[in-house]
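Work through the exercises below with the sequence and coordinates open. Each task is followed by a solution in steps.

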Amino acid sequence: KNSSFIIPISIILGWIVVGVVFQKIIFPRIIKLAHKTAWEGNAVVIQPLKDMILLWSIIAGIYSALPGIPLSVKLSNMLQKVLLIAFIFSITWVLAKIAVGVVKIYTNKTEGALISTTIFTNLTRILIFILGSLMILQTLGISITPIITALGVGGIAIALALQDTLSNLFSGFYILASRQVRTGDYVKLDTGNEGYVVNI
């Protein structure tokens with residue numbers, strides 16, 4: 001029985017070695033090549049990927065080794081789903097970090113309406129995590145069509161219940177688009193409150 005675990009363990013260790021070699025030897029060379037380009041988003045893309053290389057290697061190793069491990073079909077299928085969920089979640093996390101980083105670079109370089117505001121980065125992060133969650137549900141065999149329909153109907157109900165909040169949200173968009181107030185502006189209100197605009 002112990003001998004039946006030798007091959008699966010060897011596969012897992014092999015994938016871990018591949019991950020370590022890629023992270024310690026190959027990836028630094030990729031970083032050096034990326035730094036030679038003029039694009040500012042290199043660090044935004046590279047760092048999240050670097051943090052996940054070893055994790056993805058471990059997941060790939062365990063997933064590859066599962067067929068050789070003497071487990072029941074039900075348990076094996078359950079472990080495969082767990083590994084797929086972990087992989088999808090990690091991909092979602094990486095994509096969210098990359099997208100938010102790119103949005104920040106773009107908003108910092110854009111003069112006017114988009115400059116230095118977090119609303120766009122938050123919306124980007126939420127959208128990607130929603131898509132990732134739907135993919136996880138699909139992996140678990142849960143149909144996402146009723147969920148999307150429920151989100152649509154629920155969105156209408158939430159919009160009616162949160163009219164004041166949404167009014168403030170769209171007022172913020174209007175302030176950004178009209179460029180009446182920008183981050184860094186000094187503002188003094190009729191109430192006597194005054195200070196610099198940090199965020200909108």
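**Exercise 1: the pocket lining**

The lining of the largest pocket consists of seven nonpolar residues, one polar residue and no charged residue. Here Ala, Val, Leu, Ile, Met, Phe, Trp, Tyr, Cys and Pro count as nonpolar, Asp, Glu, Lys and Arg as charged, and the others, Gly among them, as polar. The model is predicted: local features need pLDDT of at least 70, side-chain atom pairs count only at pLDDT 80 or more, and totals for chains, interfaces and linings use all residues. Numbering starts from 1 along each chain as its sequence is written, and side-chain values use heavy atoms, with hydrogens and water left out.

Task: find which residues line the largest pocket, and what its volume is.

Solution. 
1. The lining is made of Leu123, Gly155, Ile158, Ala159, Leu162, Leu166, Leu169 and Phe173.
2. Two elements, α5 (145-161) and α6 (163-178), each give two or more residues to this lining. Helices (H or I, at least four residues) and strands (E, at least two) are DSSP runs, numbered from the N terminus.
3. Grid points are joined across faces, edges and corners, and the volume is the space filled by probe spheres set on the points; for the largest pocket this gives about 170 Å³.

**Exercise 2: the chain as a whole**

Task: describe the order of elements in the protein chain and set its radius of gyration against that of a compact globule.

Solution. 
1. The protein chain contains six helices and two strands, in the order α-α-α-α-α-α-β-β.
2. The radius of gyration, taken over C-alpha atoms, is compared with a globule rule of 2.2 Å times the number of residues to the power 0.38. For 200 residues a compact globule would be near 16 Å, whereas the protein chain has 24 Å.
3. Along the principal axes, the C-alpha atoms fill a box of roughly 80 × 50 × 25 Å.
4. Buried residues (under 20% relative accessible area; exposed is over 50%, partly exposed in between; 1.4 Å probe, protein chains only) make up 24% of the 200 residues.
5. Among contacts (heavy atoms within 4.5 Å) with a separation of 6 or more, 62% join residues 24 or more positions apart.

**Exercise 3: the nonpolar core**

Task: list the residues of the largest nonpolar core.

Solution. 
1. A nonpolar core is a set of buried Ala, Val, Leu, Ile, Met, Phe, Trp, Tyr and Cys residues joined through side-chain atoms within 4.5 Å.
2. The largest such core has five residues: Phe27, Ile31, Ala34, Ile46 and Ile53. The elements giving two or more of them are α1 (6-35) and α2 (42-65), and α1 supplies the largest share, three residues.
3. Beyond its neighbours within four places in sequence, Ile46 touches Phe27, Ile31 and Ala34.

Methods:
1 Å grid on protein atoms, 1.4 Å probe; cavity = no way out; pocket = protein on both sides within 12 Å on 5 of 7 lines; lining within 4 Å.
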